[in-house]
Amino acid sequence: MAGIHYLCSRCESRVEARRDDATICECGTEVPVVFPEPDTPVAQCGICGERELYIQKDFNRSTGIALVVVGAIFVPWTWGLSLLAVTILDYALYRYLGDVTVCYACRTVHRGFPLNPEHRPFDLLTHDRHVYGAAPPGAEEGHERA
């Protein structure tokens, strides 16, 4: 089922908004959430309205790091085969898990919606523009040095 997952602006807790549910955080903050029409891709963020969004795998980074750490811990007893097992597991999860759309501005995750072909994978320059403001001279996309 499609949902929009965001951080509460008041208490920073995670909130999941479903189309038919109320979108009120545990702290009492109500955030208006705009859902796209059914079976249409996300064109803009449902929380802040930002149009610059990116696509990423729907996988928890902390879990991925924990898998690699566990694989590395067992290297001495498995002669490195634990890292091979973690690599195979990582590949299987990569193939199995779907993609989500994420907002550059507020990091809201749009899960379960069709992917918009206009959205690309994460771009550091776009991210930095949203976090730090305009890029410094010479750092723009496609800028050639003389």
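**A chat about cores, sheet and pockets**

Visitor: Which residues of the largest nonpolar core touch the most other members?

Guide: In this predicted model, Tyr6, Val33 and Phe35 touch the most other members of the largest nonpolar core, which has 14 residues; such a core is a set of buried Ala, Val, Leu, Ile, Met, Phe, Trp, Tyr and Cys residues joined through side-chain atoms within 4.5 Å, and buried means under 20% relative accessible area with a 1.4 Å probe, protein chains only. Strand 1 (3-7) and strand 2 each supply at least two residues of this core, strands being DSSP runs of E with at least two residues and helices runs of H or I with at least four, numbered from the N terminus.

Visitor: And what is Val33 in contact with, leaving aside neighbours within four places in sequence?

Guide: With that exclusion, Val33 is in contact (heavy atoms within 4.5 Å) with Ile4, Tyr6, Ala17, Thr23, Gly46 and Ile47. Another core, of five residues, lies apart from the largest one and includes Tyr54, Val100, Val102 and Tyr104.

Visitor: Before we go on, how are residues numbered, and what pLDDT do local features need?

Guide: Residues are numbered from 1 along each chain as its sequence is written. Local features need pLDDT of at least 70 and side-chain atom pairs count only at pLDDT 80 or more, while totals for chains, interfaces and linings use all residues, and side-chain values use heavy atoms, with hydrogens and water left out.

Visitor: Switching to the sheet, what is the strand order?

Guide: The open sheet of six strands runs 2-1-5-4-3-6 with mixed pairing, where two strands pair if DSSP finds at least two bridges between them. Its edge strands are strand 2 (14-18) and strand 6 (120-121); strand 6 pairs with strand 3 (residues 53-57) in the parallel sense over two bridges, and Pro121 is the bridge partner of Ile55.

Visitor: Is His119 buried or exposed?

Guide: His119, in the loop between strand 5 (109-111) and strand 6, is buried, with a relative accessible area of 8%. Beyond neighbours within four places in sequence, His119 is in contact with Val42, Ala43, Arg51, Leu53, Ile55 and Thr101.

Visitor: Now pockets: which residues are closest to the centre of the largest one?

Guide: Of the 26 lining residues, Arg14, Gln56, Arg61, Arg107 and Val109 are the closest to the centre of the largest pocket. On a 1 Å grid over the protein atoms alone, a pocket is an open set of points where a 1.4 Å probe fits, with protein on both sides within 12 Å along at least five of seven lines, and lining residues have an atom within 4 Å of a point.

Technical notes. Buried < 20%, exposed > 50% of the residue type's maximum accessible area, 1.4 Å probe, protein only.
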